[in-house]
Structure formats: C-alpha cells, structure tokens
Amino acid sequence: MRGVSMLAVVLGASAPQLCRAHGKLTKPTPRDGIAVGRAGLDQNNPVSFEPGCSQENTCDAFVCREAAPNPSVPATAVTAGQSLGLGWMFTALHVGDCSVYVSYDVDKPRSQQRYVKIANLPDCKSYASASIKIPAGLPAGRAILRWDWAALHVWPKVEFYVQCVDLDVRASSATTPGDLDSFSITSPPVYPSSGNDGVGYRNAFGGTTQDMTGPSCFDESINDCYLTAPGTERNTDDRRGGGGSAPSPP
C-alpha cells in the first residue's frame, strides 16, 4: 500500500504540468526547430512555463519564445500578395482563438520589437492548418512571423501559447518597415490579461458574446481580419502603443 501511495503522490505532483501541455505551431518550422507537437514537452506548454514569465501578456517570451533566430532553421521565403500554409498541433483541443503577426525588427530585443497583425484564425482547435494571404502591401526584407493562441478553457483566465518563424519576405511594394503603423505586443500589452481585463475575452461556454479579442490588422480585407476590425466589441487598438490608432490601409 505504501508503494501505491507513493506512486499516487508522484503522479499527482506531475499532473498539472502534463494537463497543461497543449500545442504549438508546426508549419513553417518555428525557431525551436521542432515541427511536431509533443505533449508535456518543448513549447507545447503555456508561455507561463518560461522562466520569469508570471504575467504572460507582458513578458518577453510572449513576444517570441526564442530571443533570436535559430541558425539551424532556415528562414521561410514568402511573397507579399501570395499564400502561406500554416499548421499547428494541439495535444489538448481547448477552445480559443489564434492570430498571426509580422515584425521587421529582427535585430531588436523582443521588448522593442513592433508588429503588424496579418491574420485571425478563430476557433483554431477546430482545424489544424490554414492558408493565409501575406498582405500585398508588406515591404521586402527579413522578418519574424509570430503565431499566438489564446486558450480560453479556464475563463476568465487565459493560457497563452506563442511560436515565431523567421521569414524572408519578397515584395515589390515601395513601403519600408518604418512606414508601418506597427505596435509592441507587450509594452503596453496589446492583449488583456484575463476575461475581466478591459474588453476581456469571450467565454466559449456561454454568458458572453463570442467576439474575438485582439488588435486590428494591416489589411482588414483578408484572413478573417474583419473579426477584430475597429468598432468590433473586443478590438484592442486602444491598448496599442503610439496612441492606439488603427492601422492605415495598405
């Protein structure tokens, strides 16, 4: 009996870690170089598992899990105006929504990187891949694609998951990265910390409207960006740095 009791203690102690192992971006291969989701391992765990990340929506790991490109993972070539296939693997199919951003601040610390949003992926547990259009108005150059998932199964709490992919953007646009109406992800935080912070998040199990939370996109006409356009219930443009204005049309 003592052996059984000790086994129960060990399993009980490990259960919170295992049950919080949920999923990650797998395509294109992110900076960690791991293109599969492995329960309880790697970056399947929430951002809060990263050292020093007790407040997920303000920590560096919420911008990108890695601070720099991985020399072992080649940059993904994309062309503005064309499509990019994304894939993710969830080892726990929690309710929630995913979003996609791009930054050209490859050489800056994560806290200083500024992004534009390019896609909404609502209810992303319901599918494991999507084809998004890279906005035609984006400039050429090295860039970072940032994918996040706000898991809402413990509402009003939120569990955040993030991966980044290095890009080589090919474009004919005369726009430069400095022309973009970009914003910080974490300083100030563009996402609420919980369902009770500001516009909050939808309670997927009822009692609230089901609007998606997040800032507006660089191009509202593509990639379900209408879901967080200015004027929608849970648009967070007023949380953005630099005055909180909506992006200028491309």
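This is a predicted model: local features need pLDDT of at least 70, side-chain atom pairs count only at pLDDT 80 or more; totals for chains, interfaces and linings use all residues.
## Cavities and a mixed sheet

Of the residues lining the largest cavity, 5 are nonpolar, 2 polar and 4 charged.

**The largest cavity**

- Here's who lines it: Asp97, Ser99, Asp148, Ala150, Leu152, Tyr191, Tyr201, Arg202, Asp211, Met212 and Thr213.
- Two elements give two or more residues each to this lining, namely strand 4 (96-103) and strand 7 (141-151).
- The charged part of the lining includes Asp97, Asp148, Arg202 and Asp211, while Ser99 and Thr213 make up the polar part.

**The second largest cavity**

- This one comes in at about 40 Å³.
- Around the second largest cavity you'll find Thr29, Arg31, Asn70, Val73, Pro74, Ala75, Thr76, Val165 and Asp166.
- By type, the lining of the second largest cavity splits into 4 nonpolar, 3 polar and 2 charged residues.
- Arg31 and Asp166 are the charged pair in that list, and Thr29, Asn70 and Thr76 are the polar residues.

- Five strands form an open sheet: the order runs 2-8-7-4-5, and the pairing is mixed.
- Strand 2 (76-79) and strand 5 (115-121) sit at the edges with a single partner strand each, so one side of each has no neighbour in the sheet.
- Going from one strand to the next, the twist averages 35°.
- Strands 4 and 5 pair in the antiparallel sense, with 6 bridges between them.
- Looking across to strand 5, Cys98 stands opposite Leu121.
- Strand 4 turns up in two places in this briefing: strand 4 (96-103) gives residues to the lining of the largest cavity, and strand 4 also pairs with strand 5.
- Strand 7 likewise belongs to both, as a contributor to that lining and as a member of the open sheet.

Methods:
Residues are numbered from 1 along each chain as its sequence is written. Side-chain values use heavy atoms; hydrogens and water are left out. On a 1 Å grid over the protein atoms alone, a cavity is a set of points where a 1.4 Å probe fits but cannot get out, and a pocket is an open set with protein on both sides within 12 Å along at least five of seven lines; lining residues have an atom within 4 Å of a point. Helices (H or I, at least four residues) and strands (E, at least two) are DSSP runs, numbered from the N terminus. Grid points are joined across faces, edges and corners, and a volume is the space filled by probe spheres set on the points. Two strands pair if DSSP finds at least two bridges between them. Axes are lines fitted to C-alpha atoms, for helices over the stretch in contact, and angles run from 0 to 180 degrees between N-to-C directions.
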